[in-house]
Amino acid sequence: MAQRLATEFVKARLLLPESQMSRFMQHIQDPRIHYRVRVLDGGSREIVLEDEGGEEVRLPFDRRRNLFVCELSFRLVNPRLTHLIRQLFVAFKGDGMVRRIYPGFVMLDFYAEGSVRRIIELTPGASRLVFEHRDQIPELEYRFASTDIEYEIACVRMQVDRLLDWRLAARNIEEIEQIDELLREEAFRLFRLEA
């Protein structure tokens, strides 16, 4: 597996209700990462995370009524600090783009509400869609509401009724065998449709 060179959070955004700020601070508990909190004018806060190697990241939380809004863009090299920020991003439903930089290629992860919605691989001269989240609920609702199968089942049942009437009226054995074969086909078709 390729060694990651760096991770960039581009136009990342976290929205935290005031009640979740203490929970956010509890998620930072890592013995190798130290943090400082500065309370600014108007109740805004700046959280500085620093790893053992000296790499640090500043998370500015602007207070807007009962919300803390953190909008940021930064680059990280340390995997431990990167992992912590990604965990915070997922746990607190962040939005934005994350660029994972590897030798020879870049992976773009697009987040919405804390989950990855799309991943694109960029190589020199090409790009490739690796993953895309598709909302399948509308398609499932359409299929559930669709009455095409019920209509087809009703048509098969009508055909079976006609064949049974024809069989009752039939007088010779060959005709009855032909009708029985058609009835077997319709029964199999009905079994498939009802399954």
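This is a predicted model: local features need pLDDT of at least 70, side-chain atom pairs count only at pLDDT 80 or more; totals for chains, interfaces and linings use all residues.
A pocket here is an open set of points on a 1 Å grid over the protein atoms alone, where a 1.4 Å probe fits, with protein on both sides within 12 Å along at least five of seven lines; lining residues have an atom within 4 Å of a point. Two or more lining residues come from each of β1 (6-17) and α2 (79-91), and α2 gives the most, with 4 residues. By class, the lining holds 7 nonpolar, 4 polar and 2 charged residues. The volume of the largest pocket is about 200 Å³, taken as the space filled by probe spheres set on the points.

Helix α5 comprises the 22 residues 173-194. Within α5, Ile179, Leu183, Glu186, Leu190 and Leu193 are buried (under 20% relative accessible area, with exposed meaning over 50%; 1.4 Å probe, protein chains only). Seen down the axis of α5, these buried residues fall within an arc of 80°, so they line one face of the helix. An α-helix has 3.6 residues a turn, so residues three or four places apart point the same way. The cover over the buried residues of α5 includes α4 (148-169). On the other side of α5, the exposed residues are Ile173, Glu174, Gln178, Arg184, Phe188, Phe191 and Arg192.

Residues are numbered from 1 along each chain as its sequence is written, and side-chain values use heavy atoms, with hydrogens and water left out. Local features need pLDDT of at least 70 and side-chain atom pairs count only at pLDDT 80 or more, whereas totals for chains, interfaces and linings use all residues.

Terms used. Ala, Val, Leu, Ile, Met, Phe, Trp, Tyr, Cys and Pro count as nonpolar, Asp, Glu, Lys and Arg as charged, and the others, Gly among them, as polar. The expected span of a helix is 1.5 Å times one less than its number of residues. The arc is that of the directions from the helix axis to the C-beta atoms. Contact means heavy atoms within 4.5 Å.
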